[in-house]
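The sequence and the model are shown first, and a description by region follows.

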Amino acid sequence: MSTILGPAELRSILTFTVNLARTAGTLILEGSQAIQSASDVNEKKNSVDLVTQYDVAVENLVMGEIKKVYPNFQFIGEESYSSGTRPELTDEPTFCVDPIDGTTNFVHGFPFCCISLGLIYQKRPVLGVVYNPFLEHLYTAIEGQGSYLTRGNGQPQKLPLASPKPLPSLSKAQIAVEWGSDRGAPTIHDKTDSFLKLAADGSVVPGGRMAQSLRSMGSAALNFSMVAQGGLDMYWEIGCWAWDVCAGIVIAQEAGGVVVGSHDVLKAASVDSDPFKVTPEVLTGRKYLVIRGIPDTPNETGRQAQLRIAQEFYATVRDTQAK
């Protein structure tokens, strides 16, 4: 029999997930302290993508607690996926978890990493919890019930934190981008050219948009959350995975943001289809553009403005293969 999740059930799951995130956060802090005092750190892939025993320890903690309370739920996690456990995405409730998102920050003691706990139901993200234990910032969202930021022991604040402002062009945007772990050609050339065009003055570099700033937080989940909060206007990355973005997608959407898949997904969207629908293909496609909420103006609706910005952005940057 299929599991039915309504608003009340999702609120109960959110309470469980928040408590789990805080418990895992304690382990993350312990791990960070241990790593900072150690003389050697194991390296995976390259110096940008470091992993430690705490990634596995946090995921095992999370998976064990979920199995106790929700034994019939499916589970997709970064570490279990890497070890070969790759369940097919179905309509059944599925936790999608990155135990430590921002591993390089975690290793270096840069306090922008988090645990990301998303819930997929009927093949779409419906609940998200992102917790940064270093700053005690907790982002939460349920589909149709809004997204919130809780700082420390304070009261939840609805996102975005301030009324969104119009976004006339990329030249007015603060944009998050990431280098990612793939530093080989052609990926690094494509990203470098894209970042150059986003940042450069168009009178100096053909196609330059002269964005107000480019930022790299080093965590996809926190980038999504900061777009929801309103501190970033948009975030683009190629190469991250569903567990990096699942929770953040719900948090951003519930704050009025939209998520776009690849260049091809945006091009394929017809007049009658929703270019911002997060299909299973978008969720697992490893190419994401998220744009904050934009208010309606006399000249265009907020959704029209978000589509315009997405089209301007993808006309500027290069597509590349995710590895």
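## Two cis peptide bonds

Proline 186 is found in the loop between β8 and α5 (187-199); helices (H or I, at least four residues) and strands (E, at least two) are DSSP runs, numbered from the N terminus. The bond joining alanine 185 and proline 186 is a cis peptide bond, with omega about 5°. Proline 160 has its place in the loop between β7 (157-158) and β8. As a rule, most residues other than glycine have a negative phi, and most peptide bonds are trans.

## Basis and confidence of the model

This is a predicted model, in which local features need pLDDT of at least 70 and side-chain atom pairs count only at pLDDT 80 or more, while totals for chains, interfaces and linings use all residues. Residues are numbered from 1 along each chain as its sequence is written, and side-chain values use heavy atoms, with hydrogens and water left out.

The pLDDT is the predictor's confidence in each residue, from 0 to 100. The protein chain averages a pLDDT of 92, and 93% of the residues score at least 70. Over residues 43-50, however, the pLDDT is below 50. Beyond near neighbours in sequence, this stretch has 19 contacts in the model, a contact meaning heavy atoms within 4.5 Å.

Strand β3 (residues 114-121) is mostly covered, with eight of its eight residues buried. Buried means under 20% relative accessible area, exposed over 50%, and partly exposed in between (1.4 Å probe, protein chains only). In a regular strand the side chains alternate between the two faces of the sheet. Both faces of β3 are covered: one side carries Cys114, Ser116, Gly118 and Ile120, the other Ile115, Leu117, Leu119 and Tyr121, and all are buried.

Two strands pair if DSSP finds at least two bridges between them. Strand β2 (residues 94-101) is joined to β3 by six bridges, and the two run antiparallel. Phenylalanine 95 stands opposite leucine 119 in β3. Seven bridges join β3 to strand β4 (residues 124-132), again in an antiparallel arrangement; glycine 118 has glycine 128 in β4 as its bridge partner.

## Two residues with positive phi

β3 and β4 form a hairpin with two residues between them, and glutamine 122 lies in the turn. The phi of glutamine 122 is near 55°, a positive value in a residue other than glycine. Glutamine 122 counts as partly exposed because its relative accessibility is 40%.

Arginine 286 also has a positive phi, of about 70°, although it is not a glycine. Arginine 286 lies in the loop between α9 (280-283) and β12. At 11% relative accessibility, arginine 286 counts as buried.

Isoleucine 238 has lysine 287 in β12 as its bridge partner.

## Helices α6 and α7

The axes of helix α6 (residues 220-229) and helix α7 (residues 242-254) come within 8 Å and cross at roughly 5°. Axes are lines fitted to C-alpha atoms, for helices over the stretch in contact, and angles run from 0 to 180 degrees between N-to-C directions. The two helices α6 and α7 are therefore roughly parallel to each other; angles under 35 degrees count as roughly parallel, over 145 as roughly antiparallel, 65 to 115 as roughly perpendicular and the rest as oblique.

On α6 the contact is made by Ala220, Ala221, Phe224, Ser225 and Ala228, and on α7 by Asp244, Val245, Gly248, Ile249, Ile251 and Ala252. These residues divide into eight nonpolar, two polar and one charged. Here Ala, Val, Leu, Ile, Met, Phe, Trp, Tyr, Cys and Pro count as nonpolar, Asp, Glu, Lys and Arg as charged, and the others, Gly among them, as polar.

## Isoleucine 142

Isoleucine 142 lies in strand β5 (residues 137-142) and is buried, with a relative accessible area of 3%. Leaving aside neighbours within four places in sequence, isoleucine 142 is in contact with Leu10, Arg11, Leu14, Val126, Leu127, Val250 and Glu254.
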